[in-house]
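Here's a quick walk through one structure, with an eye on its rings, its contacts and its open space. Have a look at the fold before reading on.

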Amino acid sequence: QVRLVESGGGLVQPGGSLRLSCTASLSAFSMFTMNWYRQAPGKQRELVATITSGGAATVADSVKGRFAISRDNAKKTLYLQMNSLKSDDTAVYFCRASYVSVYWGQGTQVTVSS
């Protein structure tokens, strides 16, 4: 059974940093396009960042210059480095894997508050 497990969320003050991880039980992890999404209370889930199997990375305009996505194929792990966090970044963050099928993690809560 495929599992994506996010970790690294928590409570952080505005301006602070967090690094999220998503560990995948995917035998062909390197072939998957990986994404980070987030969903704030009362809002739709939105795409935050994408990294392809070839390593091409993009981030949403709302987090550009503050967030970075990366992957370690040997560890089957996806990362999201989040810097200069704002209250608007408060959300549940989900990782998503897509290749032939699509898989989602259960999410990790990020709360930015003083």
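First, the ground rules. This is a predicted model, where local features need pLDDT of at least 70 and side-chain atom pairs count only at pLDDT 80 or more, while totals for chains, interfaces and linings use all residues. Numbering runs from 1 along each chain as its sequence is written, and side-chain values use heavy atoms, with hydrogens and water left out.

Let's start with the rings. A pair of aromatic rings is described by the distance of the centres and the angle of the planes. Here rings of Phe, Tyr and Trp (its six-membered ring) pair if their centres lie within 6.5 Å, and the planes are stacked under 30 degrees apart, edge-to-face over 60 and tilted for the rest. By that rule there are four aromatic pairs. One of them is F94 with W104, an edge-to-face pair at 6.5 Å centre to centre with 80° between the planes. It joins distant parts of the chain, with F94 in strand β9 (residues 91–98) and W104 in strand β10 (residues 102–104), 10 residues apart. Strands are DSSP runs of E with at least two residues, numbered from the N terminus. F32, Y99 and Y103, for their part, make up one aromatic cluster.

Which residue puts its charged end over the ring of F94? That's R45, 3.8 Å from the ring centre. R45 also lies over the face of W104, at 4.7 Å from the ring centre. To count, NZ of Lys or CZ of Arg has to be within 6 Å of the ring centre and within 35 degrees of the ring normal.

On to accessibility, where buried means under 20% relative accessible area, exposed over 50% and partly exposed in between (1.4 Å probe, protein chains only). Here is how some of the residues in this report come out:

| Residue | Relative accessible area | Class |
|---|---|---|
| L26 | 4% | buried |
| F94 | 9% | buried |
| Q39 | 29% | partly exposed |
| K76 | 29% | partly exposed |
| W104 | 36% | partly exposed |
| S84 | 41% | partly exposed |

Q39 belongs to strand β4 (residues 33–39). Leaving aside residues up to four places away in sequence, Q39 touches Q44, R45, A91, V92 and F94, where contact means heavy atoms within 4.5 Å. Q39 and T90 are 51 residues apart in sequence, yet 8.5 Å apart in space, C-alpha to C-alpha.

L26 sits in the loop between β3 (18–24) and β4. K76 has a positive phi of about 55° although it is not a glycine. S84 lies in the loop between β8 and β9, and its phi is near 50°, a positive value in a residue other than glycine.

Finally, the open space. The largest pocket holds about 200 Å³. Of its 13 lining residues, R38, K43, E46, D88 and D89 are the closest to the centre. By class, the lining has two nonpolar, four polar and seven charged residues; Ala, Val, Leu, Ile, Met, Phe, Trp, Tyr, Cys and Pro count as nonpolar, Asp, Glu, Lys and Arg as charged, and the others, Gly among them, as polar. On a 1 Å grid over the protein atoms alone, a pocket is an open set of points where a 1.4 Å probe fits, with protein on both sides within 12 Å along at least five of seven lines, and lining residues have an atom within 4 Å of a point. Points are joined across faces, edges and corners, and the volume is the space filled by probe spheres set on them.

Note on methods
Helix = DSSP H or I, 4+ residues; strand = E, 2+ residues; numbered from the N terminus.
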